[in-house]
Amino acid sequence: MKKLFMSVFTLLFVLILAACGNSEASTNTENESSDSENGSEEVVIDSPVEIEFWHAMSGDHEKVLTEITDDFNGSQENITVKLVNQGSYDDLSKKNMAAAKANTLPVMTQAYEDWITEYLQNDLVADITPYVNHSEYGMSEEELNDIVDVFREANIWDGKYYGLPFNKSTRIMFYNVDYLEDAGVEVPKTWEELRAASEKLTGEKDGKQVVGLGLENSVTLEFNQWVHQAGGEYFNEASGEFMMNSPEGKTALEFVNRMIQDGIARTAGEDGYMSGPFTRGDVALYIGSSAGIPYVAGPAEENGINWSAAVLPAGEEAATPFAGTNVSIFASASDEEKLAAWEYMKFLINTENTTKWAMASGYLPVRYSALESEEWKAYTAENPAYGVGEQQFDAGFYDPRIVGAYGLKNAVAKELDRVLLGELTVEEGLEAAEAMANKELGK
Amino acid sequence: MKQKPTLQSTLKALLYLAPALIILGVFNIYPIIKSFLMSFYTDYDYFKDIVHEYGFDNFMFIFNDSEFWVAMKNTFIFVLGVVPMSILLSLGIAILLNSKIKFRGIFRSIYFLPFVTSVVAVSIVWRWIYHTDYGLFNYFLGLFGVDPIQWLTDPQWAMPALIIMSIWKGLGYNIIIFLAGLQNIDQQYYLAAQMDGARPWKRFLHMTVPMLSPTTFFVSIVAIINSFKVFDEIFALFNGKPGPAYSAQTIVYYIYEKFYNEWEFGIASAAAYILFIIIFIFTLVQLYIGKRRVTY
């Protein structure tokens, strides 16, 4: 009995292993063919190709993405792009990982830069440089330069393209127009003004306890913003060093921490995102993502909150991080699928569509021509909040694109959270953050 | 019926068992073996399944990781906070539901509802209940002059908040099991005891408790194992983070973080194995006690 049992299992495992082995072998040969210099040139799509695009856009964001994709599918004879919503970014990342392990990766995905680094390390992501430079369906020099520099550069590793920018956001400051007017406060432009305004705006208002400044729960995860504003650096990608335990880092953490301890600033807490409390009128100012605009606009209208947005107040200097994801193609796709995905990527971020996308989602257009377009200019004139992000292009910077960036940011955020919760002093917090960062970096 | 197994009868039996065996094998046994092996991978390519080196590094790492020990401590606090309280409460409620009270059926459904409701839905409701400014909980506490408690954002209160919700969530299941146990007790014993003049408390202590011991034993084993494995409740209640400043990070959450967010597959497997061993030891201890204390 035992023997039989074992043999059945052995058989089963052999079958499973054999199945995995096969598909692996086939993907390997595909990789080789597309890696060869002119492999992509011979590819022609003359029979129907359906590709999956895994994304994490929901609500209004998903609606526009579906519209654009339907337009694309309508314009194509043989290519069909199927959108698959994988939930949140976290879920998407997990599903990509699991799919990579199971050899069932989709053709396309949304991906942050540090995900791409991770994929690159594991040979999962396709080098799209041959497509970018292709004489027939590539992009001209002019067209390539039309993509906003910072976004384009973020997709280049060792001179090769591994993605194109898709939904890019930046942090902006929302404010409650009525509260500011009632308190006689100007929109703060510097840290000093931010603190002064928050003090003035905190207090009882129509039976509500209003706090001056609202911050996202992820404030410590994205603390680089404050460090850069203080004139420092959070992480040096070139040297691979965590830089926040510095006088500038201390200034930044002290500034934010003191506002929270003094009760003139708060995080979203159990509300998850600050858009909730802000649109209820619980906070007067709110520093958050430009992609949150639709989430502020809707409820604000319902609750009769009069709001607007402005650029982030500057410390020693103006600085704003650019966040959001890119679109990448997985290496496991066939040449036809890769070409189909490339066609879709081009369509997704062409001038017309990136404008359409930005107007509906609050993300930034990723092309200069879109920023210059009459349509966009008219729209931002009417909806000034959508135009705030682009005013900060010069002050923009990026997250470190290193392997294990998630672990590092998370480990640091954990210690900084302790400071904001009053468990550690600023100095202790920075010491601990550096120790944790170095541990993550394997130092 | 034939006593001696022949090749034919064994094959036949195997055929009947095959669907269950295959499913268990693929989804339970294989992962257990795989993660055991993976806990010894020190240098490997996860996606291509190539292992360059085996060793004990992963275990060394978690034993030296202060976070792992904090997670361990939190897990024990959680188990101690949930299991005894949950058993006591559900036993009490089960006894009430077993007596002749009005609307018994409705009450039974009410208590069983949390068990069949999804954890995510439950957590969303509790997130609202726990809300500092708008929550029901703080409103009631306010009636007694208690200042609002930051249940979900103060590290000191995160664990109590989690424990309270978990007790509530687990009640329904335990109550049903206890009810079944109670109804298995022959009423004749109680009548006899009553005639002998035993008071209710004495009857409970000397009759109900011993006769219910197999049920209590079963409930406690299930409750302890489930509490050690707590994850969904934390994930949903704190919005995908293990509480403020990781104050409610338990061992499964630690494994999850290592595996999915940090791609440290070996370390995650090693931690999972430690959890397995802990649960295994607890179950052995319970079985040992069970043999001596439980009367069937």
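## Extent of the interface between chains A and B

The contact draws on 35 residues of chain A and 38 residues of chain B. The model is predicted. Between them, chain A and chain B bury about 3400 Å², of which 62% lies on carbon and sulfur atoms. Met97(A), Lys101(A) and Glu270(A) supply 22% of the area that chain A buries against chain B, more than any other three residues.

## Polar and charged interactions

Chain A and chain B are linked by 4 salt bridges. Lys101(A), one of the three residues named above for buried area, also joins its side chain to that of Asp49(B) in a salt bridge, at 3.4 Å from N to O.

## Composition of the chain A side

On the side of chain A that touches chain B, the elements giving two or more residues are α1 (2–35), α3 (89–102), α4 (113–121), α18 (405–420) and α19 (426–440) of chain A. The largest share of this side, 7 residues, is provided by α1(A). By residue class, the side of chain A that touches chain B comprises 14 nonpolar, 5 polar and 16 charged residues.

## A helix pair within chain B

Within chain B, helix α5 (residues 119–129) packs with helix α6 (residues 136–143) at an angle of about 35°, and their axes are 5 Å apart. Trp126(B), Trp128(B) and Ile129(B) of α5(B) meet Leu136(B), Phe137(B) and Asn138(B) of α6(B). The residues of this contact divide into 5 nonpolar and 1 polar, with no charged residue.

Key. Residues numbered from 1 in each chain as written. Chains lettered and ligands numbered in written order. Predicted model: local features only at pLDDT ≥ 70, side-chain atom pairs only at ≥ 80, totals over all residues. Heavy atoms only, no water. Axes fitted to C-alpha atoms, helices over the stretch in contact; angles between N-to-C directions. Helix = DSSP H or I, 4+ residues; strand = E, 2+ residues; numbered from the N terminus. Contact = heavy atoms within 4.5 Å. Nonpolar A, V, L, I, M, F, W, Y, C, P; charged D, E, K, R; others polar. Buried area = accessible area lost by both parts, 1.4 Å probe.
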